[in-house]
Amino acid sequence: MNHSDLLAEAPSLAAGMAAADHSPDTQLSQTRHRAALVASWHIPPGSTVLELGCGQGDMTAVLAEAVGPEGRVVAVDVAAPSYGAPVTLGESAARLAAGPLGPRIDFRFATDVLDPSVDFPESTFDHVVLAHCAWYFASLGQLRDTLARVRPWARRLCFIEWDLTPASDDQVAHLLAVLIQGQIEAAGSHGEGNVRTPFSREGLLRLLPEAGWTADGSEPVDTGELQDGDWEIAACLDLVGSDGGPAALPEPVRQLALSQADILRAIAKPRGNRALAAYSLTAS
């Protein structure tokens, strides 16, 4: 399926998501973003795909559309089906499973591929996909081990994550929100947000060979339609609160987080903050 065909399907794919009941415009922009990505990765019909960190299935639905009725998507997430709001992972998966894409998708929640009980024969999958989920890993070591674990199972890696290097001043608020959350996590206070281990594109490129992958190429991805800047700013300010964050933090870290949150409040807009750009990478 080419770029234009997949983008043309984005409205119907978005409408089939449970989150569209709450925010249809937001869901459409998120789906269009992922449709453009999958088209750029040239995943052909009939492919088998392992998706790590599938969440509510935003990328899963697009992948299922791309692989067609003869393809298969195994969508894995460490979170339980009850995780998520206002729509849980389980509720979103149930909506997809009941629709026309359902027969192509195998959702597996509460599943960690590092668990020895999770295994697949060599070259089971044509592609393994990680889409905007790598910063959720507890550490770069955990990400490296995960990429190494799936290496025998898949021929090709398709990866996208936020780029820590801002391209314009109006992306600095998103960057600051990400870095504050990363510092709090690094200091030992583990939350349930989307940001636990933010790392640079260069950091990923250094990590890939250690996991047995060779990068084929990387390119920037425009994120101008996405709302993630607003979401992460709100999540960060909620985490820090008015007292510098969780009580378990060392006092120097608490004060650093509080000061940075003061700056974030000063530069962030009430809404419409521009998200950081992203980068897309493939490896084999």
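User: Hi! What volume does the second largest pocket have?

Analyst: Hello! The second largest pocket has a volume of about 230 Å³. One thing to keep in mind from the start is that this is a predicted model.

User: Thanks. Which residues are the closest to the centre of that pocket?

Analyst: Those are Arg32, His33, Ala36, Val221 and Asp222, out of 16 residues that line the second largest pocket.

User: And which elements give two or more residues to the lining?

Analyst: There you would look at α1 (3-15), α2 (24-41) and β6 (215-221). The largest share is from α2, with six residues of the lining.

User: How does the lining divide into nonpolar, polar and charged residues?

Analyst: For the second largest pocket, five lining residues are nonpolar, seven are polar and four are charged.

User: What about α8 and α9, at what angle do they pack?

Analyst: Helix α9 is residues 251-267, and α8 packs with α9 at an angle of about 140°, with the axes 10 Å apart. So α8 is oblique to α9. This crossing of α8 and α9 is left-handed.

User: Which residues make the contact?

Analyst: Helix α8 brings Ile233, Cys236, Leu237 and Val240, while α9 brings Ala257, Leu258, Ala261, Leu264 and Arg265. In the contact of α8 with α9, eight residues are nonpolar, none is polar and one is charged.

User: And α6 with α9, how do their axes cross?

Analyst: The axes of α6 and α9 cross at roughly 165° and come within 10 Å. Angles over 145 degrees count as roughly antiparallel, which makes α6 roughly antiparallel to α9. The crossing of α6 and α9 is left-handed.

User: Who's in that contact?

Analyst: On the α6 side there are Val172, Ala173, Leu176, Ala177, Ile180, Gln183 and Ile184. On the α9 side there are Val253, Leu256, Ala257, Gln260, Ala261, Ile263, Leu264 and Ile267. The contact of α6 with α9 divides into 13 nonpolar, two polar and no charged residues.

User: New topic, the backbone. Which peptide bond is cis?

Analyst: The one from Ala85 to Pro86 is cis, with omega near 0°. You can find Pro86 in the loop between β2 (72-76) and α4 (89-98).

User: Why point that out?

Analyst: Because most peptide bonds are trans, and likewise most residues other than glycine have a negative phi.

User: Then which phi does His42 have?

Analyst: His42 has a positive phi of about 55°, although it is not a glycine.

User: Where does His42 lie?

Analyst: Look in the loop between α2 and β1 (48-52) for His42.

Conventions: Residues are numbered from 1 along each chain as its sequence is written. This is a predicted model: local features need pLDDT of at least 70, side-chain atom pairs count only at pLDDT 80 or more; totals for chains, interfaces and linings use all residues. Side-chain values use heavy atoms; hydrogens and water are left out. On a 1 Å grid over the protein atoms alone, a cavity is a set of points where a 1.4 Å probe fits but cannot get out, and a pocket is an open set with protein on both sides within 12 Å along at least five of seven lines; lining residues have an atom within 4 Å of a point. Grid points are joined across faces, edges and corners, and a volume is the space filled by probe spheres set on the points. Helices (H or I, at least four residues) and strands (E, at least two) are DSSP runs, numbered from the N terminus. Ala, Val, Leu, Ile, Met, Phe, Trp, Tyr, Cys and Pro count as nonpolar, Asp, Glu, Lys and Arg as charged, and the others, Gly among them, as polar. Axes are lines fitted to C-alpha atoms, for helices over the stretch in contact, and angles run from 0 to 180 degrees between N-to-C directions. Angles under 35 degrees count as roughly parallel, over 145 as roughly antiparallel, 65 to 115 as roughly perpendicular and the rest as oblique. A crossing is left-handed if the near helix is turned anticlockwise from the far one by less than a right angle, and right-handed if clockwise. Contact means heavy atoms within 4.5 Å.
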